[in-house]
Amino acid sequence: MFELLTEIVSNQRITEDTWLTALRSAEIAQAAKPGQFVMMRVRTGLDPLLRRPFSICGVRDDLFLVLYRVVGKGTSLMTELRGGDKMWVLGPLGRGFAVPDKRTRPLLVGGGIGIAPLVFLDQFHREKRLIFMMGFRSAKDIISPKQITGEGRGFLAATDDGTKGHHGPVTDLLEEHLRKNRGKAVVYACGPKPMLRKVAEMTRAMRMPCQVSLESHMACGLGACQGCAVKASVNSGRSYFHVCKEGPVFEAEDIDWEMI
């Protein structure tokens, strides 16, 4: 883990409300693993006071990449960043995805901005025959891995309004590929909580291993404030997990999805 004053190299709009930032730090870029995140102080001063958590969505040499959606004051301020600006960053933090077994086929399932850590996983395991499924509201919201990392294989898209790819939730695509790869696949998922709950139900019913990356509001990113607690399942041997410390990646079966 590092706390560094990093340089903004670029800050580009990808869709109407989604931006991609490249920050220079050889230390963070070299240490980062898919599923980990950074805490970013969006500007100096006391407003906003707290750092914001963002998944690392890829690396390019000594750069690490952050994909963000404009949802509030902090992310609105980030759209004003320009090349050469500086930002304090803490990271990489958290527990990332476990490395897929050579005998298994990774199935990646992302929804909206939740594709970020999965794009990094895709980049990190280029040699594997994985299948990447992405869900978005509409065709105009689609973000391809190539837009982020400059590389990337094809992906399957699902849109809520049917303007691109499958008309319906991305879990429809997952169901199809779970049947085709039963007994030889592992699922990696990140996205809205209802989507993750459905993925957990599907993989549990088919007894398929599944890792999920949870999104949560965080104040410290280190487990000290205990503000990102989630209820653990009865069989996990825990009462609660802290997303920043024990996660953000968990085995799906360790989470109490009725309390999410």
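**Cores, rings and cysteines in a predicted model**

At 4% relative accessibility, C210 counts as buried. The model is predicted. The structure holds 0 disulfides. A search of the whole structure finds 4 aromatic pairs. The largest nonpolar core has 37 residues, and a second, separate core has 27.

**Cysteines**

- The count of disulfides in the structure is 0. C210 takes part in none, and the nearest cysteine sulfur, in C190, is 11 Å away.
- C210 is buried, with a relative accessibility of 4%.
- C244 has its closest cysteine sulfur in C228, at 3.6 Å. That is too far for a bond, because a disulfide needs the two sulfur atoms within 2.5 Å.
- C244 has a relative accessible area of 3%, so this residue is buried.

**Nonpolar cores**

- In soluble globular proteins, nonpolar side chains tend to be buried together.
- The largest nonpolar core here holds 37 residues. V109, L174, V212 and L214 touch the most other members.
- Strands β3 (37–41), β6, β7 (105–111), β8 (131–136), β11 (185–190) and β12 (210–213) each give two or more residues to this core.
- V212 touches A189, L196, P248, V249, F250, A252 and W257, leaving aside residues up to four places away in sequence.
- The second core is separate and has 27 residues, including L67, A116, F136 and I148.

**Helix α3**

- Helix α3 spans residues 116–124 and is mostly covered, with 8 of its 9 residues buried.
- Its buried residues are A116, P117, L118, V119, F120, L121, D122 and Q123. Of these, A116 also belongs to the second core.

**Aromatic pairs and a charge over a ring**

- The whole structure has 4 aromatic pairs. One of them joins F54 and Y68, edge-to-face, at 6.2 Å centre to centre and 70 degrees between the planes.
- F54 sits in strand β4 (residues 52–60) and Y68 in strand β5 (residues 63–69). The pair links distant parts of the chain, 14 residues apart.
- Both F54 and Y68 are buried.
- F97 and Y188 form another edge-to-face pair, at 5.5 Å centre to centre and 80 degrees between the planes.
- F97 is in the loop between β6 and β7, and Y188 is in strand β11, so this pair ties together parts 91 residues apart in sequence.
- F97 counts as buried at 10% relative accessibility. Y188 counts as buried at 1%.
- K231 lies over the face of Y240, at 5.6 Å from the ring centre.

**The site of T79**

- T79 lies in the loop between α2 (73–78) and β6 (86–93).
- T79 has 17% relative accessibility and counts as buried, because the cut-off for buried is under 20%.
- The T79 side chain reaches the backbone oxygen of S76 at 2.6 Å.
- T79 touches N11, W19, Y68 and V70, not counting residues up to four places away in sequence.

Methods: Residues are numbered from 1 along each chain as its sequence is written. Side-chain values use heavy atoms; hydrogens and water are left out. Helices (H or I, at least four residues) and strands (E, at least two) are DSSP runs, numbered from the N terminus. Buried means under 20% relative accessible area, exposed over 50%, partly exposed in between (1.4 Å probe, protein chains only). A polar contact is a pair of N or O atoms within 3.5 Å; within protein, one must be able to donate a hydrogen and the other to accept it, and residues adjacent in sequence count only if both atoms are side-chain atoms. Contact means heavy atoms within 4.5 Å. A nonpolar core is a set of buried Ala, Val, Leu, Ile, Met, Phe, Trp, Tyr and Cys residues joined through side-chain atoms within 4.5 Å. Rings of Phe, Tyr and Trp (its six-membered ring) pair if their centres lie within 6.5 Å; planes under 30 degrees apart count as stacked, over 60 as edge-to-face and the rest as tilted. A charge sits over a ring if NZ of Lys or CZ of Arg is within 6 Å of the ring centre and within 35 degrees of the ring normal.
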